[in-house]
Amino acid sequence: MILHELIDFEVLRVIWWLLLGVLLIGFALTDGFDMGVGALLPFVAKTDLERRVAINTVGPVWEGNQVWFILGGGAIFAAWPPLYAVSFSGFYMAMFLILAALILRPVAFKYRSKRDGVRWRQTWDWALFIGGAVPALIFGVAVGNVLQGVPFRFTEDLMPLYEGSFFGLLNPFALLTGLTSLAMLIMHGGAWLSLKADGVVGERARVYGSYAAAGSLLGFLLAGLWLAIGLDGYAFTSPSVTDGPSNPLFSEVAKGGSWLAAYAERPWIAIAPVLGIVGAVLTFLGLRAGREVSTLLSSKLAIFGMISSVGLTMFPFILPSSIDPKSSLTVWDSSSSHLTLFVMLVATVIFMPLILAYTAWVYKVLWGKVTEEEVRSNTDTVY
Amino acid sequence: MDLDVVELSRLQFAMTAMYHFLFVPLTLGLSIIIAIMETVYVMTNRLIWRQMTKFWGTLFGINFVLGVATGITMEFQFGMNWSYYSHYVGDVFGAPLAVEGLMAFFLEATFVGLFFFGWDKLSKVGHLTVTWLVAIGSNFSALWILIANGWMQNPVGAQFNPLSMRMEMTSFYDVVFNEVAQAKFVHTVSAGYVTAAVFVLGVSAWYLLKERHTELARRSIAVAASFGLASALSVVVLGDESGYSVTHSQKMKLAAIEAMWETEPAPASFTAFGFPDQEARETHYAIHIPYAMGLIGTRSLTEEIPGIAELVEDAETRIRSGIIAYGALMDIRKDPKHAPADATALFEQHGKDLGFAYLLKRYVDDPRDATEADIAKAAEDTVPTVWPLFWAFRIMVGLGFAFIGVMAYFFFVASFKKMTFPRPALYLAVIMIPAPWIAAELGWFVAEYGRQPWTVDGVLPTALSVSHLSITQVAITLAGFIALYSVLFLIEMGLMIKYIRKGPYLDVPETAGVSGSAPSASRAAPAAGLQPAE
């Protein structure tokens with residue numbers, strides 16, 4: 001097949017770097033509010049009926065939302081195999097915790113209302129809380145570690161060796177980014193509940209959501225400050241070949257300088273953190289003022305800005321190695337082959353618009369607030 | 001290479017994959033059975049069919065969610081426990097997984113919510129469309145997963161790239177239209193349909209025995225038996241199709257399944273029964289059916305099927321060729337940008353056997369240092385343990401024929417005997433419920449264990465595919481999965497039984513007027529009071 005050479009390898013790599021961002025942001029925008037609702041559940045809903053209202057705001061959609069996460073994993077595997085191999089095996093115990101939480105979550109949604117017992121339901125409420133809060137925290141911890149560099153190296157055969165430990169992941173900077181990520185998704189869950197949940201649940205969600213919006217803003221600013229004064233970046237020391245074979249060991253990389261140097265080189269990327277900050281401020285104000293649709297949109301804006309800040313700051317780095325910078329994974333040396341990237345792009349161009357269209361249709365069908373009355377009168381069919 | 005980590009990782013993968021496949025086949029088949037029932041409802045307007053759709057839909061939901069939850073483990077585990085595999089073949093293997101997400105899983109998961117929550121929010125045809133989209137999404141999902149798995153059995157459309165040290169795709173078309181993948185797909189989804197049909201049949205038979213919900217049960221049996229008969233025939237016929245394609249790509253697996261120690265003159269006989277003895281390389285008390293194997297395996301009377309001894313010799317030849325390839329690869333790697341022309345030429349000639357050189361890594365670090373004894377041992381390693389394959393295969397096939405018999409019987413009684421099922425037949429249907437799961441798990445066992453010692457046939461040995469993890473790490477996660485999965489299994493079974501005992505929601509009166517008649521007869525005489533509420 002010669003067709004794939006219509007698009008340069010280098011261009012395809014940048015497209016797939018962008019698509020990776022699209023998938024991760026898509027995940028945070030959709031499944032993010034499911035997780036936020038899970039993490040908020042014990043606080044915004046006290047009685048069983050209130051909890052069912054909160055749960056049923058995401059009941060019909062969490063399954064589709066979660067596919068953003070599955071597809072994100074699949075796309076990392078298919079488009080960035082070395083990233084998939086290094087990060088999933090390196091963060092082994094952390095990934096297991098995420099997995100356990102994400103296994104409990106769907107089951108909790110589905111099984112909670114299938115029996116009446118108080119203990120049964122409370123147990124699943126805990127599962128929903130863990131299934132929301134733990135992944136949200138760990139994803140942020142992972143981002144914090146990626147920014148610092150991760151202790152891995154490749155052998156000559158490109159076998160990844162990871163030399164860190166689980167507790168090494170829990171360093172102060174990573175905990176800061178972890179809490180920021182948690183606050184960000186709680187903010188999003190709060191904005192969602194204020195739109196979708198009727199009555200007292202929505203009101204409480206506005207209060208907690210606004211705290212979380214303030215917290216995520218503060219965390220984001222602190223992390224930025226930390227990047228400016230306390231953390232080294234990474235840079236190529238050999239001329240980067242952008243269309244060569246995907247072998248990280250072919251280039252030279254050194255630790256040093258600041259990640260924020262990217263903003264001097266490409267000043268336009270400052271738009272991302274600005275959007276993140278403006279979004280968080282608007283969400284805070286919107287929740288306080290009780291605006292609904294526009295608040296959910298501003299929460300989305302905040303998430304978009306914050307996540308894309310990380311990607312744009314690090315470009316072209318994806319996963320730097322702290323013990324062997326030469327092994328670092330970048331956009332130019334850790335992608336799939338030219339043909340695979342092309343084939344997958346074609347599949348994405350065909351299916352992504354369809355996915356967005358039918359997802360939008362489903363949300364439209366489900367438009368409107370979930371009320372206690374609705375839950376009570378459909379007690380056998382809703383969650 | 002830490003062999004304990006390899007073994008534990010294999011155990012974890014086998015356990016999580018087989019657990020995942022407890023839920024998948026029922027999802028595949030039940031989604032279609034439900035869609036059929038709802039189609040009848042929309043076409044006839046008879047509320048009993050809506051009640052059936054909702055009732056089986058509830059059981060579908062309890063099952064579906066665990067399939068989704070445990071599927072996440074499958075996708076993550078390649079990276080977590082098989083990182084060299086992920087690096088080495090991700091370029092080829094990852095693509096179908098990603099397309100699965102885009103094309104199938106999104107469809108299935110987005111609409112499954114509306115299936116449960118959309119009854120009052122959609123028109124009848126709108127809801128039916130949603131149900132069919134869930135069924136189609138589930139089945140497409142299986143297609144792409146089996147394309148990925150088919151590539152592990154028969155790695156076509158890819159080539160090793162010495163510069164990136166991995167397999168890279170050369171033809172997406174070849175990967176998708178891999179004959180092994182296509183045969184596996186139809187065989188696997190058919191097995192899922194049989195599973196669901198046996199499940200619906202068994203649960204309905206239990207209702208008839210208890211004389212509860214008989215209207216729902218009889219109609220469900222009619223659907224399950226006709227759907228199940230077609231599927232049971234297809235699973236055996238198309239299983240034969242995968243038996244045929246296996247001879248091209250995985251001769252060793254076939255030889256092991258058949259305990260064919262030596263090449264026989266064509267057409268080979270089929271060993272119906274016996275006790276394989278790996279040490280002595282013979283099968284005790286064997287009962288042979290003349291010609292059968294040659295006909296199934298090659299569809300000819302003249303083509304030979306190689307036996308295990310011959311295949312070990314082949315492997316030894318390929319290992320020697322692989323050592324040459326490995327040497328050439330090392331020369332290329334010294335200065336990848338200016339590789340010596342002779343090394344490149346040598347690698348082009350022998351590169352396809354590189355995987356066989358990796359088999360030596362169990363014994364020596366550098367395959368070029370291997371002794372004659374190492375080579376002989378590595379060649380011997382290409383023989384999987386025969387007796388479990390021999391027996392697993394035979395039990396699976398036996399069950400496959402049993403399903404045809406049972407489904408044909410129920411189809412006959414449902415169609416021509418006015419649904420008067422004798423009680424022993426109903427008891428048999430109840431007892432049969434676990435059987436399709438046993439057959440399906442054995443089928444996967446044959447497919448995956450039979451591929452050993454490879455993760456990707458002839459390309460990458462299992463022992464080399466694992467992540468660089470400590471034994472403690474893998475032991476912790478293995479114990480964690482066992483604990484979590486056991487608890488969830490008990491909870492799931494408890495809910496299934498509870499909701500089967502509870503029966504359908506009573507939003508439709510039991511149809512008193514038409515009891516005892518076949519659905520074809522009752523459809524002609526709609527009872528009053530059963531007109532839909534909408």
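Colleague: What does B:Asp331 count as at 31% relative accessibility?
Modeller: Start with the classes. Buried means under 20% relative accessible area, exposed over 50%, and partly exposed in between (1.4 Å probe, protein chains only). B:Asp331, at 31%, is therefore partly exposed. Keep the source in mind: this is a predicted model, where local features need pLDDT of at least 70, side-chain atom pairs count only at pLDDT 80 or more, and totals for chains, interfaces and linings use all residues. Residues are numbered from 1 along each chain as its sequence is written, chains are lettered from A and ligands numbered from 1 in the order in which they are written, and side-chain values use heavy atoms, leaving out hydrogens and water.

Colleague: Which side chain meets that of B:Asp331 in a salt bridge?
Modeller: The rule comes before the case. A salt bridge is a side-chain nitrogen of Lys or Arg within 4 Å of a carboxyl oxygen of Asp or Glu. B:Lys334 is the partner, at 3.1 Å from N to O. B:Lys334 is exposed, at 68% relative accessibility.

Colleague: How many residues apart are B:Lys334 and B:Asp331 in helix α10 of chain B?
Modeller: An α-helix has 3.6 residues a turn, so residues three or four places apart point the same way. Here helix α10 spans residues 308-334, and the two residues are three apart, so about one helical turn separates them. Helices (H or I, at least four residues) and strands (E, at least two) are DSSP runs, numbered from the N terminus.

Colleague: With which residue does A:Glu372 form a salt bridge?
Modeller: With A:Arg376, the closest N and O atoms being 3.8 Å apart. Both lie in helix α13 (residues 372-377) of chain A, four residues apart, about one turn of the helix. A:Glu372 is partly exposed at 29% relative accessibility. A:Arg376 is partly exposed too, at 48%.

Colleague: Which residues are linked with A:Asp125 in a network of salt bridges?
Modeller: The network links A:Asp48, A:Arg51, A:Arg112, A:Asp116, A:Arg121 and A:Asp125. Take one pair: the side chains of A:Asp125 and A:Arg112 meet at 2.6 Å, N to O. That pair links distant parts of the chain, 13 residues apart: A:Asp125 is in helix α6 (residues 118-148) of chain A, and A:Arg112 is in the loop between α5 (92-111) and α6. A:Asp125 is buried at 6% relative accessibility. A:Arg112 is buried at 3%. Over all chains, the structure holds 29 salt bridges.

Colleague: Next, the interface. What area is buried between chain B and chain A?
Modeller: The size of an interface is often given as the accessible area lost when the parts come together. Buried area is the accessible area (1.4 Å probe) that two parts lose on being put together, summed over both. Here the figure is about 7,000 Å², and carbon and sulfur atoms give 74% of it. In chain B, B:Leu102, B:Phe106 and B:Phe117 lose the most area to chain A, together 11% of what that side buries.

Colleague: How many residues of chain B are in contact with chain A?
Modeller: Contact means heavy atoms within 4.5 Å. By that rule, 82 residues of chain B touch 74 residues of chain A.

Colleague: What is the count of salt bridges between chain B and chain A?
Modeller: Three. In one salt bridge, the side chains of A:Glu374 and B:Lys121 meet at 3.7 Å, N to O. The elements giving two or more residues to the side of chain B that touches chain A are α2 (47-81), α3 (83-117), β2 (166-169) and α18 (471-502) of chain B. α3(B) gives the most to that side, with 26 residues.

Colleague: Last, a helix face. Which residues of helix α15 of chain B are buried?
Modeller: In α15 (residues 423-431), they are B:Ala425, B:Leu426 and B:Ala429. Seen down the axis, the buried residues of α15(B) fall within an arc of 100°, so they line one face of the helix. The arc is that of the directions from the helix axis to the C-beta atoms. What covers them includes α6 (179-210) and α14 (386-416) of chain B.

Colleague: Which residues are exposed on the other side of α15(B)?
Modeller: B:Pro424 and B:Ile431. B:Pro424 has a relative accessible area of 62%.
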